[in-house]
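Please look over the sequence and the model below, and then follow the description from one part to the next.

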Amino acid sequence: MATARVPAPGEDLDGQLRILIELQTLDTKIAGLEGEAARLPQEIARVRAEVDEMRNQVAGTKTKLDAARKDTRAKEKDLDDSQVKRQKFEGQLYQVKTNKEYSAVLTEIEEVKQQKARIEEEILTLMERHERLAGAIKEAEAQLKAAEAQGAAEEKALREKLGAVEADLAVTRSDRAGVARELPVNILADYERLLRGRGGLALAVVTMPNLCSGCRMTITPQRLQELKPQNTLLPCEACGRYLYWPA
Ligand SMILES: [Zn+2]
């Protein structure tokens with residue numbers, strides 16, 4: 001825990017406190033901007049991933065349609081083959097010698113007919129599938145087009161925001177460096193150690209009537225008395241952050 005700092009003769013503690021408060025304000029702003037600068041590229045990636053996902057879905061449906069078309073061509077070939085078979089058997093009807101052979105060929109012809117009906121039904125089912133898939137593709141492509149336009153607009157806005165955040169960050173870091181130079185090296189080192197160790201908050205204002213705003217612990221009446229004149233840098237006894245009186 002940091003100890004109370006007794007100001008050296010002529011040391012302007014109130015001035016130092018004002019600088020520390022200013023520094024804390026800038027560091028809090030920098031932390032927020034750094035968070036934004038890290039988050040925005042993830043947002044951009046998320047927007048892109050959503051559009052990519054839709055694009056993949058369209059491609060997947062197109063692949064299914066291609067497969068269904070290929071299946072249909074194969075079935076149409078089967079249909080041709082079955083027609084050739086039937087003609088062959090029908091030709092045999094005129095060559096057979098016995099009734100037994102005749103009825104055997106008729107049975108073959110009946111089988112080929114049934115096979116043809118089955119294939120035609122399968123082709124019909126595939127045709128219906130084509131229609132459904134083609135409809136789904138048309139709808140998904142329209143949705144994709146809208147999503148691409150929306151995604152591009154969102155990404156543009158996010159990139160502009162990121163640019164603004166980065167510019168603000170550069171200015172704020174430069175301001176911060178200027179303010180930090182106004183502090184004695186040892187006080188700046190104490191402040192930065194607290195900043196790192198206490199979640200980015202090295203200074204805590206007193207929440208009236210008697211709470212540390214950093215850790216919500218009650219400040220003892222004695223410490224409150226010491227704080228009131230604000231002529232020493234006093235740490236919270238619980239969290240070690242420098243306490244200051246609200247303006
Ligand atoms: Zn505290």
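In this predicted model, helix α2 covers residues 99-180, and its 82 residues carry the chain 113 Å from the first C-alpha to the last, which is close to the 122 Å expected at 1.5 Å a residue. Within α2, the buried residues include Val112, Leu126 and Leu144.

The chain as a whole holds four helices and four strands, and from the N terminus on these elements follow the order α-α-α-β-β-α-β-β. Its C-alpha atoms fill a box of roughly 135 × 35 × 30 Å along the principal axes, and the radius of gyration is 41 Å, whereas a compact globule of 247 residues would have one near 18 Å. Buried residues account for 11% of the 247 residues. Among contacts between residues at least 6 apart in sequence, 73% join residues at least 24 apart.

The table lists elements with their residue ranges.

| Element | Residues |
|---|---|
| α1 | 13-92 |
| α3 | 185-197 |
| β1 | 203-207 |
| α4 | 221-227 |
| β4 | 242-244 |

The four strands form an open sheet with mixed pairing, in the order β2-β1-β4-β3. Because β2 (211-212) and β3 (234-235) stand at the edges with a single partner strand each, one side of each is left without a neighbour in the sheet. Strands β3 and β4 run antiparallel and are joined by two bridges, with Pro235 standing opposite Tyr242 in β4.

Which residues touch the most other members of the largest nonpolar core? In this core of 15 residues, they are Leu20, Leu203, Tyr242 and Leu243, and the elements that give two or more residues to the core are α1, α3, β1 and β4. As a general background, nonpolar side chains tend to be buried together in soluble globular proteins. Leaving aside neighbours within four places in sequence, Leu203 is in contact with Leu20, Ile21, Gln24, Arg241, Tyr242 and Tyr244.

Beyond its neighbours within four places in sequence, Leu224 is in contact with Asn210 and Ile219; Leu224 and Asn210 are 14 residues apart in sequence and 7.4 Å apart in space, C-alpha to C-alpha.

Definitions and conventions
Residues numbered from 1 in each chain as written. Predicted model: local features only at pLDDT ≥ 70, side-chain atom pairs only at ≥ 80, totals over all residues. Pairing = 2+ DSSP bridges. Expected span 1.5 Å × (residues − 1). Buried ≥ 20, exposed ≤ 12 C-beta atoms within 10 Å, placed from the backbone. Contact = placed C-beta atoms within 7 Å. Core = buried A, V, L, I, M, F, W, Y, C linked by C-beta atoms within 7 Å. Rg over C-alpha atoms; globule rule 2.2 N^0.38 Å.
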